[in-house]
Amino acid sequence: CSVCQASLGFGGPGAATLSVCGGDLSTGTTADLAFSGGLPNSLIYLGVSMSLNPVAFAGGTILDPNPLAILPFFTDANGSFVLPLPGGGGPVSVYAQVLYQEASGPFGVGFTNIVRADWLP
């Protein structure tokens, strides 16, 4: 049975989306963090935070002005990116959002919805 973690909405310029779906992130399960709607073969940045501190920025909302980590990745030929996430080690909640190239966005940047992923024991 596929479980999708909570999309908290927000977001900003652009139409790209972020999801975490698959197992329930308990021990022995995996889920995919999936970005879609970006430019083909382009650089994206995955922001990760342990707390939700949304801030208005460039016509939308960003996750946190001081995230725990900002990780660079590249999209595939379809403008998508998938990162498998192993379950277990919880309980802990992590918040994530992707910043990506978006010509119509202020500063040439767009950002996705914010997703909360809840890891279970």
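This report covers the disulfide and the aromatic ring pairs of a predicted model.

**Disulfide**

The whole structure holds one disulfide. C4 and C21 form this bond, with their sulfur atoms 2.0 Å apart. The C4 and C21 link is right-handed, at 110 degrees about the S-S bond. The bond joins distant parts of the chain. C4 belongs to strand 1 (residues 3-4), and C21 to strand 3 (residues 17-22). The two cysteines are 17 residues apart.

**Aromatic pairs**

A search of the whole structure gives four aromatic pairs. One of them is F57 with F107. Their ring centres lie 6.0 Å apart. Their planes meet at 15 degrees, so the pair is stacked.

**Exposure**

How exposed are the residues of these two links? The table lists relative accessible area for each.

| Residue | Relative accessible area | Class |
|---|---|---|
| C4 | 51% | exposed |
| C21 | 21% | partly exposed |
| F57 | 38% | partly exposed |
| F107 | 71% | exposed |

Exposed means over 50%, so C4 falls in that class at 51%. Buried means under 20%, so C21 at 21% is partly exposed.

Technical notes. Residues numbered from 1 in each chain as written. Predicted model: local features only at pLDDT ≥ 70, side-chain atom pairs only at ≥ 80, totals over all residues. Heavy atoms only, no water. Disulfide = S-S within 2.5 Å. Helix = DSSP H or I, 4+ residues; strand = E, 2+ residues; numbered from the N terminus. Buried < 20%, exposed > 50% of the residue type's maximum accessible area, 1.4 Å probe, protein only. Phe/Tyr/Trp six-rings, centres within 6.5 Å; stacked < 30°, edge-to-face > 60°.
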